[in-house]
Amino acid sequence: MEVRTDAPERRLVVGAELLTDPHAGTKHLVGVRHQGATTVLRLAGVDDREAAEALRGTLLLAPGQLERDPDGEVEDWALSELVGLRVELEDGTHAGTLVGLDPSPAHDLLVVEQPSGQRALLPFVRALVPVVDVTGGRVVVVPPGGLLDVVPAQVDDTEPRSDGGLREQGAGG
């Protein structure tokens with residue numbers, strides 16, 4: 001298997017229940033061994049090569065074990081906790097919905113479905129994603145210019161008239 005966690009010794013332990021993605025259930029981890037740079041897992045019910053081959057390309061997700069740094073901030077999240085979160089800028093402007101995570105060699109990329117329907121990839125680093133508020137249902141992002149197609153909030157360009165109606169600002173009278 002290709003390991004994509006920085007803490008395999010905590011996540012890949014005998015007895016762990018691993019979620020499968022696409023969401024096809026869970027697999028019970030009954031054995032782990034390392035052969036050089038390769039990690040080999042033994043899963044309950046996967047008893048032969050054919051059963052193992054059937055799992056090729058399956059993403060195994062360890063249950064969410066939130067880790068906290070010395071300041072008490074969460075440093076690690078399960079994918080299931082992130083998918084569906086509202087993505088917003090620091091000023092609260094809606095920038096989309098978090099729909100996935102794309103692992104890359106340097107760091108993971110957040111997959112953001114923008115209001116336009118287009119998807120964007122945003123490096124999942126503290127400088128660009130300073131807030132992950134799972135309980136509040138949002139992530140706050142500071143994307144480099146042009147990375148996200150953010151539409152500014154509509155400004156109300158009308159003002160009340162003395163007769164109770166509205167008139168466009170700048171319209172003469």
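Accessible areas here come from the Shrake-Rupley method with a 1.4 Å probe, and for residues only the protein chains shown count as cover.

**View 1. The whole protein and its surface.** This is a predicted model, in which local features need pLDDT of at least 70, side-chain atom pairs count only at pLDDT 80 or more, and totals for chains, interfaces and linings use all residues. Residues are numbered from 1 along each chain as its sequence is written, and side-chain values use heavy atoms, leaving out hydrogens and water. The accessible surface of the protein comes to about 11,100 Å², with 51% of it belonging to carbon and sulfur atoms. You will find three helices and 12 strands (DSSP runs numbered from the N terminus: helices are H or I of at least four residues, strands are E of at least two).

**View 2. The six-stranded open sheet.** Its strand order is β8-β7-β6-β5-β10-β9, with mixed pairing (two strands pair if DSSP finds at least two bridges between them). At the edges lie β8 (119-123) and β9 (131-133), each of which pairs on one side only.

**View 3. Strand β5 and its two partners.** Strand β5 (residues 86-89) runs parallel to β10 (residues 138-141), and four bridges join this pair. Here Leu89 has Val141 of β10 as its bridge partner. With β6 (residues 94-102), β5 pairs in the antiparallel sense over three bridges, and Arg86 stands opposite Thr97. Look also at the hairpin of β5 and β6: four residues separate the strands, and Gly92 takes a positive phi near 90°.

**View 4. Strands β6 and β7.** Five bridges link β6 to β7 (residues 109-113) in the antiparallel sense. The bridge partner of Leu101 in β7 is Leu110.
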